[in-house]
Every structure is written in structure tokens, then in C-alpha cells.
Number of protein chains: 4
Amino acid sequence: MSHKITLLYDRIRVEEKELINAAEKRGVHLKAVDAKALHVVASDLQADKELFGDVILERCISFFRGLYLTAVLESKGITVINNFETANICGNKLLTTLALAKAGVPTPKTVIAFTPEEAEKALEELGYPAVIKPVFGSWGRLVAPLRDREMAQYILEHRAEMGSPLHQIYYIQEMVERPPRDIRTIVVGDELVAAIYRYAPPNEWRTNIARGGKAEPCPVTPELEELVLKAAKAVGGGVLGVDVLESPRGLLVNEVNSTVEFRGAMSASKIDIPGKIVDYALEKARR
Amino acid sequence: MSHKITLLYDRIRVEEKELINAAEKRGVHLKAVDAKALHVVASDLQADKELFGDVILERCISFFRGLYLTAVLESKGITVINNFETANICGNKLLTTLALAKAGVPTPKTVIAFTPEEAEKALEELGYPAVIKPVFGSWGRLVAPLRDREMAQYILEHRAEMGSPLHQIYYIQEMVERPPRDIRTIVVGDELVAAIYRYAPPNEWRTNIARGGKAEPCPVTPELEELVLKAAKAVGGGVLGVDVLESPRGLLVNEVNSTVEFRGAMSASKIDIPGKIVDYALEKARR
Amino acid sequence: MSHKITLLYDRIRVEEKELINAAEKRGVHLKAVDAKALHVVASDLQADKELFGDVILERCISFFRGLYLTAVLESKGITVINNFETANICGNKLLTTLALAKAGVPTPKTVIAFTPEEAEKALEELGYPAVIKPVFGSWGRLVAPLRDREMAQYILEHRAEMGSPLHQIYYIQEMVERPPRDIRTIVVGDELVAAIYRYAPPNEWRTNIARGGKAEPCPVTPELEELVLKAAKAVGGGVLGVDVLESPRGLLVNEVNSTVEFRGAMSASKIDIPGKIVDYALEKARR
Amino acid sequence: MSHKITLLYDRIRVEEKELINAAEKRGVHLKAVDAKALHVVASDLQADKELFGDVILERCISFFRGLYLTAVLESKGITVINNFETANICGNKLLTTLALAKAGVPTPKTVIAFTPEEAEKALEELGYPAVIKPVFGSWGRLVAPLRDREMAQYILEHRAEMGSPLHQIYYIQEMVERPPRDIRTIVVGDELVAAIYRYAPPNEWRTNIARGGKAEPCPVTPELEELVLKAAKAVGGGVLGVDVLESPRGLLVNEVNSTVEFRGAMSASKIDIPGKIVDYALEKARR
């Protein structure tokens with residue numbers, strides 16, 4: 001097979017190693033390119049096909065680095081997984097919420113404000129407890145439960161004190177009455193390939209595996225599958241982690257992750273997720 | 001006339017006052033809404049038509065505030081000028097460069113990197129002097145000429161020291177051999193409505209009016225008009241400030257500004273720019 | 001009278017106006033010098049006596065600006081109120097605590113740590129609720145009550161995310177069981193000149209006047225006076241705001257403020273605080 | 001020998017390993033305590049002698065962490081090398097300049113300002129080229145040569161954009177006409193124990209070893225020794241790195257470093273610097 005697939009990374013995690021191994025098993029060499037060691041011309045359309053091949057698996061940990069490299073490489077006619085549109089939506093919790101709402105996918109009620117004062121008003125309307133999230137960010141970083149008005153006031157004051165304009169976008173959600181777990185599903189193309197429960201670790205409300213959350217297998221019901229595939233389509237499709245909450249009013253899609261970490265899902269579900277991803281990339285390369 | 005137009009602002013500058021006056025002359029009330037005093041539900045499609053009317057002129061100084069309010073309001077079916085796509089491209093110098101390149105609009109040669117080390121390599125290739133710009137930002141803030149390797153080294157070190165991930169996107173350009181001026185044009189829909197020269201103030205390389213740049217009328221040649229309208233179309237159209245450089249290899253489009261400040265262009269060109277913008281908004285409202 | 005007193009400011013607040021008026025009543029011209037419009041040679045001992053006079057009342061809002069100007073001017077032989085030592089201790093809550101402890105002045109129990117993990121351990125030992133404060137900062141900014149382990153965890157995570165090394169100094173205190181007020185006293189030299197109660201505004205735990213706290217007169221008991229003068233002496237004396245908490249184990253000194261805002265104390269106590277300060281400065285000038 | 005010496009560190013570098021070895025050779029166990037894993041009560045004077053011993057060698061890389069731990073431990077009666085006063089002066093380039101000036105030690109001409117505008121005025125007076133330094137910081141980080149007015153303007157703009165108030169202290173120096181080297185001397189107590197030349201690496205103006213500067217032995221003249229010991233005494237003495245510039249008007253003291261990195265000086269001079277430091281600590285412990 002002569003199709004060239006490039007793995008664009010900024011740190012080789014377990015996931016990237018698994019992708020390289022899965023490719024090798026298929027007789028494909030996944031060329032790993034360090035995004036930190038690149039500079040690319042943006043003002044013309046010439047592509048370095050030698051360097052980047054036909055299809056790129058973009059796996060940068062730094063969101064903006066991965067996103068903007070995707071933009072440049074796509075403009076040069078290279079296929080990137082995930083594509084810019086999807087990565088741009090999924091990396092931004094507000095754009096994700098809007099895409100889901102437009103597609104009729106149920107989500108937690110979400111309000112956006114741009115000052116701490118308006119965020120407090122939004123919270124009064126949503127009621128306590130509620131949740132605040134940074135619009136950009138991974139692993140639950142700075143995601144916080146706001147138990148009452150006082151806790152909200154102090155968290156908002158800390159956010160306001162942070163320098164970046166990105167921290168002045170206040171993304172506020174109802175706190176969904178869920179069990180101490182959520183459902184992380186992995187979607188590759190049109191297929192829901194794995195689903196796990198993620199249980200919050202002791203003394204922690206967040207369920208992220210990176211925070212010590214424990215993974216267990218989760219049965220895939222038709223309801224879950226339909227919802228998750230609809231959500232994946234709503235954000236433009238690709239290789240995605242769709243997070244689902246079990247709420248009193250049914251399943252809700254909480255977030256959709258591009259550049260998904262699948263280590264926990266792989267070991268809990270015993271599914272060959274990296275193999276599925278490599279097959280998907282090969283299929284794209286063939287077209 | 002019963003069409004409702006809303007002016008969404010976060011500070012009333014000269015430009016916003018002029019827009020309100022221009023609307024009044026046309027018998028239209030431009031309802032001014034302070035974006036800092038808003039919180040909006042993002043997870044449903046219901047629109048507060050009473051508050052936002054049919055068409056919104058988005059004029060926030062804070063780029064992210066304006067952009068994300070546009071995203072939310074558009075998802076609710078409200079027409080926003082400029083639309084999300086255009087605002088998203090123009091607020092990001094890299095996406096602007098890519099859109100111009102794809103449309104075949106000549107621009108300064110531009111390279112993107114994500115570490116100071118790669119930025120230095122890009123600079124060696126481009127040669128000195130060169131220019132560094134933040135991907136996000138107005139009024140020439142942190143735009144700097146890099147006269148030689150040493151100056152580049154120290155500016156890059158300062159950039160690297162800044163906390164935000166947005167400052168770790170290194171957008172590097174050739175320094176165009178231009179006269180100590182550029183051409184700022186104002187586009188409204190399909191029309192180039194005004195063009196001025198902006199002369200850099202004494203002891204300053206940047207031409208921004210906000211930095212003391214002086215405005216003088218600039219004749220609109222067919223070449224300029226064609227280029228500028230092509231650039232405007234490339235980024236999605238709307239009300240735009242298209243900046244053009246007179247280079248040895250002809251005119252180059254340097255930047256395209258959404259939420260354009262037109263004070264200088266208005267007084268130098270004697271053109272009723274706010275009137276043109278209000279007419280454009282009314283036309284959109286009628287559709 | 002020919003002694004020259006200079007008021008060094010960066011913004012003229014009510015307090016600075018009152019100081020100027022009080023000086024005028026005494027036939028003294030208080031020359032106001034804007035610290036933002038100064039640059040001073042640090043590497044020699046020559047003083048611009050014309051500009052700075054004999055005594056400087058340092059009233060900068062920016063702590064570091066005021067502190068380092070004080071250092072430079074003192075090194076040139078100019079008397080500054082407050083002197084560098086006092087300003088340095090009072091502007092730093094940790095150094096204040098150490099100075100009070102060394103002098104045997106009772107204070108809230110205070111622990112220092114340099115990572116969120118150690119701060120959590122300190123909190124477990126102190127027990128909840130507790131208080132976290134930035135080592136530098138005014139008006140109660142970023143001072144937060146930590147009601148329980150969860151609130152502590154999220155506030156610490158937000159602090160850790162802030163860029164400056166100054167935010168990585170975790171100053172943790174027991175929460176003193178006090179009425180919803182504290183006692184703000186004003187000390188000038190060897191005299192406690194005014195005392196007020198500061199009542200926390202509705203929906204706020206902090207008592208700072210700048211946050212809407214209400215001032216009421218507070219009787220000066222011998223116990224209060226002795227404690228406050230001891231605290232003032234412990235930090236080096238001068239013009240100070242000494243804050244006292246009424247705890248179950250008696251009065252505790254909570255903070256000592258240099259460059260004190262005395263507006264609230266002045267109106268609640270009817271004491272001519274600015275007059276006392278000007279008299280103190282004149283006395284220093286005479287020596 | 002039963003005196004207890006504690007090495008307080010936050011990362012074990014070559015220097016810390018050498019100190020531990022040097023102590024072992026002297027039959028002394030240097031107990032290494034990780035400052036990141038400490039929290040200490042600041043509000044009382046009780047000392048954990050078991051943990052901290054009689055004398056502490058404070059070797060934290062984080063300046064504020066080391067400084068404030070020193071303050072707390074000293075207040076508990078523990079001897080810290082260097083003491084708080086010395087560490088506080090040497091960690092702050094402005095306080096160092098003032099201490100040297102007061103002691104009559106020649107230094108580069110230095111001006112302090114608190115806004116970019118005043119910094120520019122100071123630069124016009126000093127003339128170009130000049131040097132800007134952060135008041136806090138090691139390894140030459142953000143120290144920059146300002147070759148001309150334009151470079152100064154852009155570096156100042158970048159500094160102003162940085163969030164921390166510490167970056168708003170503008171410490172500006174004449175650029176001393178020196179060879180492409182400086183002299184780094186190591187002082188331990190009353191003795192100048194080693195002197196090296198540090199040569200700036202290619203394409204770099206700074207001479208810091210951490211930036212690739214090369215060390216070579218430097219002869220100790222009586223003039224050098226007298227100057228360096230006077231400088232060490234001016235800042236309070238201890239274990240210090242005194243940096244000297246060879247200027248047309250004679251030797252100038254440029255900086256004095258507490259928590260000095262002596263790796264380069266040790267290998268170039270063949271002097272047993274860690275042994276000298278341990279002996280000094282033992283002597284302090286005996287008193």
C-alpha cells in the first residue's frame with residue numbers, strides 16, 4: 001500500500017503509540033511529524049506532499065497549534081482528520097453547544113455572558129448548583145461546580161482576574177442531576193465504536209480520566225447510538241469523543257472532543273480503537 | 001419603516017454615534033444594546049426579537065465578545081452584520097491570509113510557526129527585515145518590525161514569555177517595501193465606498209490611525225477596486241476595512257478588518273460611510 | 001513655613017484631596033507629583049530636592065510603584081512616609097504576619113505553602129472553613145472564604161492557573177469566628193487617631209469599604225489601643241490602618257495597611273484624619 | 001559532628017549534588033528538604049528543629065518560594081544562608097543597585113520608571129544603546145539590549161502588555177562598553193573564592209552560562225578582590241555570585257546573585273566551591 005499517512009503530534013502519548021502500532025499491523029508506516037518543529041508558508045497553496053503525505057492524523061495536545069496547522073494544511077489541499085470545521089467547533093464549547101442545538105441534539109441548558117456581573121445574573125436564572133466551564137480547555141481544567149451564590153461569586157472573581165480575553169467568556173450550564181459518572185463514547189466516521197462509563201474519582205466531581213476517573217464498559221443502547229451519531233454529525237463528523245450525561249429528562253450530549261484521548265475507553269471496552277481510526281484514515285486516503 | 005436594527009456595542013465611539021445619527025436621518029431608530037449587559041441562552045434557538053430586532057450591526061471592540069455573540073444570535077436566526085464566518089476570518093490574521101490565498105488575492109508572504117525556534121527559522125528563510133504580528137489584535141498592537149536577527153530574538157523571547165496560548169502562534173511576514181503609508185479602503189457589500197492613504201506618524205513604522213497615523217484621500221483606480229472587492233468577497237463580504245500595500249510587485253492585500261473604525265476614512269474622504277452602512281443594513285432587513 | 005512636603009500619587013482620590021486641603025488650612029502647600037510621570041536615577045545618591053522637598057507623603061495606589069520609589073528616594077536621603085521597611089512589610093501579608101508574631105501581637109493562625117497540594121494539606125490541618133489571601137493586594141481582592149474542601153480545591157486550581165509567581169504563594173488562615181464586621185483603626189505615629197466598625201455589605205463576607213462595607217464609629221478601649229499601637233510599632237510605625245478582628249479568644253490583628261484609605265473612617269468617626277497626617281508629616285519635616 | 005544542616009531545594013541541580021557530596025566528604029549529612037512539599041506555620045515562632053536543623057542552605061530556583069521560606073524560618077530562629085535581607089536585595093536588581101550605590105560601589109548608571117513613556121524618556125537621557133532588565137529574574141531572561149529608539153519602543157510595548165505588575169517596573173541601564181565577556185566571581189563569607197570570565201555565545205549578547213556562555217579562568221587582581229568583597233558586604237554578605245563588567249572607567253559591579261549557580265565557575269577555576277560553601281555553613285552552625 002502506498003498511501004501516505006502522517007501523524008502530526010506535539011507529544012507522543014499512549015494514544016499516538018497505539019496508532020503507530022495499529023498502522024504497522026496493517027503494513028502502513030505512520031510517519032510521525034513533530035508540530036513544534038514545523039513552520040509552514042500560509043500565503044500560498046503549495047503543499048509539501050513529501051512531508052505531509054495524503055492524509056494527516058492531527059493529534060496535537062495544544063489546541064490552537066493543531067487547529068491552525070489544520071487550517072493551513074487543508075488550504076493546501078491535504079486531508080486532515082479531523083477537518084478544520086470539526087476541530088474548530090469541538091475545541092470551543094460554545095460553538096459545540098450551538099451546533100448541537102441547531103441539530104436538535106439535547107444538551108444541558110447553557111448561557112453565555114461576557115462579564116462576571118452578567119454571569120451572576122445568568123446563574124440566578126439557571127439556579128444553583130450550576131457549572132462554569134472555560135470555552136477552551138481539556139481534561140476538565142477550570143471546569144467548576146458552583147454550589148451556591150457565594151462560591152459562584154469567588155470563582156467568577158478569580159476568572160475575571162485572569163489575564164486572557166478567553167477567560168472573559170463565561171459559559172454557564174445547569175448542573176445536570178446525573179449519577180457520579182458520565183458516558184464517553186468514541187465515534188469513528190459513521191460508527192459508534194466504543195462506549196464506557198467514567199466514574200468520578202473520590203473527592204472529585206469531574207469524571208475525566210486525566211483526573212483519576214475510572215472507566216467501565218457501558219452497553220450501547222439504540223437510543224445512545226442514535227444520539228451520539230447525531231451529535232457527531234452535528235459537529236461535522238470524524239474521529240470524536242462524544243460525552244453523554246444520564247439526566248432525569250433522558251440522555252444529554254455534554255461535550256464533543258476532537259483529538260480524543262481513548263486510552264481509558266480502549267482498555268475498558270477491549271475495542272481496537274486505534275485500529276478503527278487507522279482504517280478510517282486509510283479509507284480517506286484511498287478516495 | 002418598521003424594520004428593526006440593533007446596534008450591539010461595548011463602547012460608543014465616534015463611529016457608533018455616526019451610525020445612530022445616519023439612521024436617524026433615514027427615519028430609523030438604531031437601538032443601541034450594550035453587549036456587556038447581556039447574557040444569552042446558547043442551548044436553544046429561541047430569539048428575543050423584541051430585544052434584537054431583525055438585523056444586528058455588531059460593533060463590539062472586544063473581538064471575542066462580538067464574535068461569540070454573533071455566533072449565538074445567528075444560530076437563533078437573526079441576521080448579523082458582519083456574519084460569523086466573515087468576523088471569524090477577519091479577526092484572525094492567519095485565517096484571513098488563507099482565505100486570500102485561496103481566492104488568488106496577492107498578499108505579503110506569510111509563514112506560521114508555533115515556537116520561537118521555528119519562528120527564527122522562518123525568519124531566516126524570509127530574510128530581514130521582516131514583520132511579526134499577533135494573530136488576534138487591533139490597532140497594530142504588538143505588530144513589530146524585526147529589523148535584524150537580534151531584534152527578532154528579543155521580540156520572540158518576549159512573546160514566548162506572555163502567558164496566553166494565543167501569543168504562541170507566530171505569524172511572520174516579509175516586510176513589504178512600501179512608501180511610509182498604506183491604503184485603507186472601506187467596503188460595504190459590493191461597493192468600495194472610500195479609500196484613504198494612512199501615513200505613519202513620526203518615529204513610527206505602523207500606519208494605524210489609532211497610533212497617530214494621518215489620513216489623506218486616495219484615488220480609487222480600477223486595479224485597486226477590483227483587488228479590494230475580490231478580497232472582500234474572499235472573506236465572505238459585509239462591512240469591511242481592506243488594507244492594501246503598494247509593493248514593488250503591485251498592490252497586496254495586507255489585512256481585512258471586520259468592525260472597522262472608519263472615522264479617519266470618513267473625514268479624509270468626505271464620504272458618508274455611516275450612511276452607506278445603515279443603508280446596507282436596511283437592505284438586509286428588507287430581505 | 002518653608003518646609004516642603006510632596007504628595008506622591010498615581011491617582012488623586014478623596015483621600016489625596018483631603019490631604020491637600022488639610023495642608024492648605026495649615027498654610028502649607030502640598031506639592032502633588034504624579035509618580036507615573038517620573039523616572040529617577042537609582043545608581044547615585046543625588047536628590048532632586050527641588051522636586052521632592054524634605055518629606056514625601058507616598059500615596060500611590062500601585063503598591064510596587066510606591067514601594068520602589070520609596071526605596072530610591074530614601075537612598076537619596078529623603079524622608080518618605082511611610083518608610084521603605086514599613087511599606088515593604090505592610091504590603092506583604094506574610095511579612096506582616098511574621099512581624100506581628102515576632103512582636104507577640106495575636107493574629108489569626110496562618111500557614112504558608114507554595115503549591116496547591118501543600119495548601120490543601122495546610123487547610124486540612126487548619127480545618128474548614130478557612131481563608132485564602134493573596135500575599136499582595138488591596139480591597140480584599142482575591143481574598144476568599146474556603147467553606148469546605150471542594151470550594152478550596154476549585155479556588156486553589158484557579159490560583160494555580162494564574163500566571164504570576166506571586167499567585168503561587170499560598171497564604172492560608174483560620175477563619176476567625178467574628179461578628180459580620182471588623183475594626184479598622186487609623187494610627188498616625190504614636191497615636192490611634194480613629195476607630196470604626198466595618199460591616200460587610202449584604203451577600204458579602206468581606207468588610208472592605210471598597211466592596212460596599214458600611215462604617216460606624218467604634219469606641220476605643222484601652223485594650224484596643226494597646227494592641228493596635230503594638231501592631232503599628234511591630235511593622236515600623238508611620239501612618240497605618242490596623243485591622244482588628246473580635247474573636248472568641250480576644251482581639252486579633254488581621255492586617256496592617258500602609259497607604260491607608262481613610263475616607264470611611266473619616267466620615268464615620270468625624271475625626272480630622274488628614275489633618276493628623278499632615279501634622280505628622282510637618283513634624284517629620286522639622287526634625 | 002552533630003550539627004544539622006538542611007539543604008532546602010525545589011530541584012536538585014548539579015550544584016545541589018555537589019553540595020551534598022562535599023558535605024559527605026566532611027562527614028556531614030546534608031538533609032535535603034523539598035520546598036515544594038512544605039507548608040509552614042507563619043503566625044507563631046515554634047520551629048521544627050527536627051526537620052530544619054540548625055542551619056539551612058536555601059537553594060530554591062523559585063526566587064519567591066526561597067525568599068519567603070527564608071523569612072518564615074528566620075523568624076523561628078533558624079539560621080538561613082543567605083539571610084532574608086541579602087536574598088531580598090540580591091533577588092531584586094533595583095534594591096541591589098541602591099545597596100551598591102549607598103556603599104559607594106561603582107555600577108552602571110541605572111534609571112527606574114513605571115510606565116513605558118517614562119522609560120523612553122529615561123532612555124533618551126541615557127542614550128542608545130542601552131539595556132533593559134526585569135527587576136526580578138534569572139539567567140538573563142528578558143534582559144535585552146536596546147540598540148536604538150525603535151527597538152526600545154517595541155520591547156517596551158511588549159513589556160507593557162505582560163500582565164504582572166512586576167513587569168511594569170522599568171529598570172533601564174546604560175550599556176557598558178565591555179569586551180564580549182563579564183567576570184563572575186564567587187564570594188563565600190569574607191573570601192573571594194573563584195573568578196571566571198564568561199564569554200557570550202555566538203549570536204548572543206548575554207554572557208549567562210545558562211544561555212551557552214563559555215567559562216574561562218580569570219586572574220584575581222587586588223582591585224577585583226577589593227571591589228567584589230565591598231559589593232558582597234553592601235548586600236549583607238553570605239554565599240554570593242558577584243558579576244563585574246570591565247568598563248572604560250574601570251570595573252563596575254553589575255549584579256549580585258544569591259542562590260548562585262557555580263557549576264561553570266567550578267569547572268573553569270578548579271576551585272572546590274561546594275566545599276567552601278559547606279565549610280561556611282558548618283562554621284555558622286558552630287556559632
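Modeller: What follows is a set of questions and answers on a predicted model.

Biologist: Which domains does the assignment give for chain A, and how many Å separate the centres of domain 1 and domain 2?

Modeller: In chain A the assignment places domain 1 at 5-89, domain 2 at 110-174 and domain 3 at 177-276. Taken over C-alpha atoms, the separation between the centres of domain 1 and domain 2 of chain A is 33 Å.

Biologist: What radius of gyration does chain A have, and how does that sit with the value for a compact globule?

Modeller: Chain A holds 10 helices and 14 strands, and its C-alpha trace spans about 60 × 45 × 35 Å along the principal axes. For 287 residues a compact globule would come near 19 Å, and chain A agrees with this, since its radius of gyration is 19 Å.

Biologist: Which strands form the edges of the five-stranded open sheet?

Modeller: The order in this sheet is β8(C)-β7(C)-β9(C)-β6(C)-β3(D), and the pairing is antiparallel. An edge strand here pairs on one side only, and this applies to β8 (144-146) of chain C and β3 (39-41) of chain D. From one strand to the next the twist averages 30°. The edges are thus β8 of chain C and β3 of chain D.

Biologist: Within chain C, which residue of β9(C) stands opposite I132(C)?

Modeller: Strands β7 (residues 130-133) and β9 (residues 170-174) of chain C run antiparallel and are joined by four bridges. The residue of β9(C) opposite I132(C) is I172(C).

Biologist: Which residue in β6(D) is the bridge partner of V40(C)?

Modeller: Strand β3 (residues 39-41) of chain C runs antiparallel to β6(D), with three bridges between them. The partner of V40(C) in β6(D) is I112(D).

Biologist: What kind of axis relates chain B and chain D?

Modeller: Chain B superposes on chain D by a rotation of 180° with 0.0 Å of shift along the axis, at an RMSD of 0.0 Å. The two copies are therefore related as by a two-fold rotation axis. Both copies use the same surface, as 100% of the contact residues of chain B recur in chain D. The kind of axis is a two-fold rotation axis.

Conventions:
Residues are numbered from 1 along each chain as its sequence is written. Chains are lettered from A and ligands numbered from 1 in the order in which they are written. This is a predicted model: local features need pLDDT of at least 70, side-chain atom pairs count only at pLDDT 80 or more; totals for chains, interfaces and linings use all residues. Domain bounds come from an automatic or database domain assignment. Two strands pair if DSSP finds at least two bridges between them. Helices (H or I, at least four residues) and strands (E, at least two) are DSSP runs, numbered from the N terminus. Axes are lines fitted to C-alpha atoms, for helices over the stretch in contact, and angles run from 0 to 180 degrees between N-to-C directions. Copies are superposed by least squares on the C-alpha atoms of residues with pLDDT of at least 70 in both. Two residues are in contact if their C-beta atoms, placed from the backbone, lie within 7 Å. The radius of gyration is taken over C-alpha atoms; the globule rule is 2.2 Å times the number of residues to the power 0.38.
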